[in-house]
Amino acid sequence: MFKPKAAFSGFSVHDIDKAEAFYSQTLGLKVERGGGGGLDVHLPGGSQLYIYPKPDHQPATYTILNFEVADIDEAVDELARRGVRFEHYSGEMSTDDKGIARGLAQNRGPNIAWFKDPAGNILAVLQTTA
């Protein structure tokens, strides 16, 4: 019978040192060097993820990690001060000048803002309630 004792997610980057600096210093997460030359990243809420080096890394073309926040404007402003650049999209999920898609105002999902890590993987901050 399948009875896992835990679960975690993982993804690759091309430069593990840049990833370590970004996830620990820029995002302020607890990061430890793990087995296989990767990083164990401790996420809010007690879960973890594993970031591993891959020389032929191809960035994910979809959101691989979401951070839920109480106030998206505050989170975007703080991350921007730390050097994070937010993506800007047009169309169904168009973003404002700050890079925030305001779905809550239209009953179309969370307020969300996307950004990339140094390896080009897409991450997001999102606010699910007003």
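A search of the whole structure, which is a predicted model, finds 6 aromatic pairs.

**View 1. The ring pair of Phe-22 and Tyr-23.** The ring centres of Phe-22 and Tyr-23 are 5.2 Å apart, and the planes stand at 85 degrees, so the pair is edge-to-face. Both Phe-22 and Tyr-23 are buried.

**View 2. The ring pair of Phe-86 and Phe-115.** Here the centres lie 5.5 Å apart with the planes at 65 degrees, so this pair is also edge-to-face. Phe-86 and Phe-115 are 29 residues apart, and their pair links distant parts of the chain. Phe-86 sits in the loop between helix H2 (72-81) and strand E6 (100-102), while Phe-115 belongs to strand E7 (residues 111-116). Phe-86 is buried, with a relative accessible area of 10%. Phe-115 is buried as well, with a value of 0%.

**View 3. A cluster of aromatic rings.** Phe-11, Phe-22, Tyr-23, Phe-86 and Phe-115 are linked into a cluster by ring pairs. Two of its members, Phe-22 and Tyr-23, are among the buried residues of helix H1.

**View 4. The buried side of helix H1 (residues 16-26).** Ile-16, Ala-19, Phe-22, Tyr-23 and Thr-26 are buried in this helix. They are on the same side of H1, because the arc they cover around the axis is only 155 degrees.

**View 5. The two ends of helix H1.** At the start of H1, the backbone nitrogen of Asp-17 has a side-chain oxygen of Asp-15 within 3.0 Å. Gly-28, which follows H1, has a positive phi, near 75 degrees.

Methods:
Residues numbered from 1 in each chain as written. Predicted model: local features only at pLDDT ≥ 70, side-chain atom pairs only at ≥ 80, totals over all residues. Heavy atoms only, no water. Phe/Tyr/Trp six-rings, centres within 6.5 Å; stacked < 30°, edge-to-face > 60°. Buried < 20%, exposed > 50% of the residue type's maximum accessible area, 1.4 Å probe, protein only. Helix = DSSP H or I, 4+ residues; strand = E, 2+ residues; numbered from the N terminus. Arc of directions from axis to C-beta. Polar contact = N/O pair within 3.5 Å; in protein donor to acceptor, adjacent residues only side chain to side chain.
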